[in-house]
2 protein chains.
Amino acid sequence: MTLKNYASQKCPIAEALRIVGDQWTILILRDALMGYSRFEEFQGRLGISRNLLARRLKQLVADGLLEKTAIAGSRRSAYRPTDKAGDLHFVLAALADWGGRWQGDAETTRLAYTTDDGATPVGLRFVRLPDGTAVDWSDVRVERSRPRRRRETGQSR
Amino acid sequence: MTLKNYASQKCPIAEALRIVGDQWTILILRDALMGYSRFEEFQGRLGISRNLLARRLKQLVADGLLEKTAIAGSRRSAYRPTDKAGDLHFVLAALADWGGRWQGDAETTRLAYTTDDGATPVGLRFVRLPDGTAVDWSDVRVERSRPRRRRETGQSR
């Protein structure tokens with residue numbers, strides 16, 4: 001894969017990281033997408049301090065990733081992932097894939113991605129959009145499609 | 001996509017985030033994969049403090065993501081991405097994709113992913129591994145393949 005120059009400023013990777021570029025944020029969203037929804041559940045699973053968790057949940061609501069709703073008959077609230085959070089599936093799958101390959105050991109849980117019937121293994125790949133066929137990442141080119149300034153020079157490679 | 005329960009501990013997402021779960025780390029790797037290699041280049045592009053950048057680079061070398069080499073005829077060093085760093089292509093592409101869709105505005109640089117000849121647009125998708133055909137993420141199931149304890153109960157959904 002060739003990464004051609006693009007402006008650091010307003011790069012969509014940086015934009016994404018402004019919202020989810022914190023490991024607690026990603027782990028809270030992982031758990032929310034698994035169906036956990038209550039403060040005590042997140043706290044118990046993550047072992048995060050209550051203050052820090054409260055701040056992160058508030059920010060996730062403000063950023064439109066979690067929706068806070070009252071639980072009937074309880075003073076407590078539920079936090080449900082929004083569509084914006086659900087759309088992080090590729091980010092989570094890519095992290096799981098990389099983490100399992102490069103950081104995992106024998107104790108690391110393996111995540112098996114399959115078709116919904118469990119019959120066929122699936123994996124994350126680049127595909128040609130017109131026909132949905134896989135293309136090796138080494139044959140993929142990335143370019144910024146809306147140049148905002150002249151191409152930078154000074155590549156050191 | 002259905003995320004079935006799996007242990008928080010030793011989850012490969014958490015393992016990945018222990019290494020790359022910091023926005024500076026990802027942005028340094030993004031720039032390294034674009035071909036930038038020198039301290040001054042990273043510093044100028046990211047506007048990060050020199051102390052913080054030095055710490056992050058040192059950690060990235062320790063974690064096996066960057067390789068530090070001497071530049072001939074200079075007292076300075078070059079930092080080159082390793083294969084482990086290069087294998088983050090799906091993580092970066094997934095972040096760029098999500099960031100462009102949910103956080104971008106008219107000023108945000110768009111990243112265009114194409115085949116190497118620039119002719120065909122490509123995108124990140126789940127594919128059936130046997131034949132490389134795309135499958136919609138809503139038809140993908142995730143399960144941990146090496147259960148380490150009995151299935152948890154208490155899903156709140």
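This is a predicted model: local features need pLDDT of at least 70, side-chain atom pairs count only at pLDDT 80 or more; totals for chains, interfaces and linings use all residues.
Local features need pLDDT of at least 70 and side-chain atom pairs count only at pLDDT 80 or more, while totals for chains, interfaces and linings use all residues; side-chain values use heavy atoms, leaving out hydrogens and water.

**Stop 1: the largest pocket**

Select Asp97(B), Arg101(B), Gly123(B), Leu124(B) and Arg125(B). Of the 24 lining residues, these lie nearest the centre of the largest pocket. A pocket here is an open set of points on a 1 Å grid over the protein atoms alone, with protein on both sides within 12 Å along at least five of seven lines; lining residues have an atom within 4 Å of a point. The space in this pocket is about 430 Å³. Volume is the space filled by probe spheres set on the points, which are joined across faces, edges and corners.

Now colour the elements that give two or more residues to this lining. In chain A that is helix H6 (89–103); in chain B, helix H6 (89–103), strand S4 (111–115) and strand S5 (122–128). Helices (H or I, at least four residues) and strands (E, at least two) are DSSP runs, numbered from the N terminus. By class, the lining has 14 nonpolar, four polar and six charged residues. Nonpolar covers Ala, Val, Leu, Ile, Met, Phe, Trp, Tyr, Cys and Pro; charged covers Asp, Glu, Lys and Arg; the others, Gly among them, are polar.

**Stop 2: the second largest pocket**

Go to chain A. Select Ala96(A), Asp97(A), Arg101(A), Leu111(A) and Tyr113(A), which lie nearest the centre among 16 lining residues. About 300 Å³ of space lies here. H6, S4 (111–115) and S5 (122–128) of chain A each supply at least two lining residues. H6(A) gives the largest share, five residues. The lining holds nine nonpolar, three polar and four charged residues.

**Stop 3: the cavity**

How many cavities of 30 Å³ or more are there? The count is one. A cavity is a set of grid points where a 1.4 Å probe fits but cannot get out. Select Leu17(A), Val20(A), Ile26(A), Leu17(B) and Val20(B), which lie nearest its centre; 15 residues line it. Two or more lining residues come from each of H1 (12–20), H2 (23–33) and H6 of chain A, and from H1 (12–20) and H6 of chain B. The lining divides into 10 nonpolar, three polar and two charged residues.

**Stop 4: H1(A) against H6(B)**

Show both chains. The axes of H1(A) and H6(B) are 7 Å apart, at an angle of about 80°. That makes the two helices roughly perpendicular (65 to 115 degrees; under 35 is roughly parallel, over 145 roughly antiparallel, the rest oblique). Axes are lines fitted to C-alpha atoms, for helices over the stretch in contact, and angles run from 0 to 180 degrees between N-to-C directions. Contact means heavy atoms within 4.5 Å. Residues to select include Ile13(A), Leu17(A) and Val20(A) on H1(A), and Leu92(B), Trp98(B) and Gln103(B) on H6(B). The contact has 10 nonpolar, three polar and one charged residues.

**Stop 5: H3(A) and H4(A)**

Select residues 39–46 and 50–62 of chain A. The axes of H3(A) and H4(A) come within 11 Å and cross at roughly 125°. H3(A) is therefore oblique to H4(A). Phe39(A), Glu40(A), Phe42(A) and Gln43(A) meet Arg50(A), Leu53(A), Ala54(A) and Leu57(A). Five of the contact residues are nonpolar, one is polar and two are charged.

Conventions. Residues are numbered from 1 along each chain as its sequence is written. Chains are lettered from A and ligands numbered from 1 in the order in which they are written.
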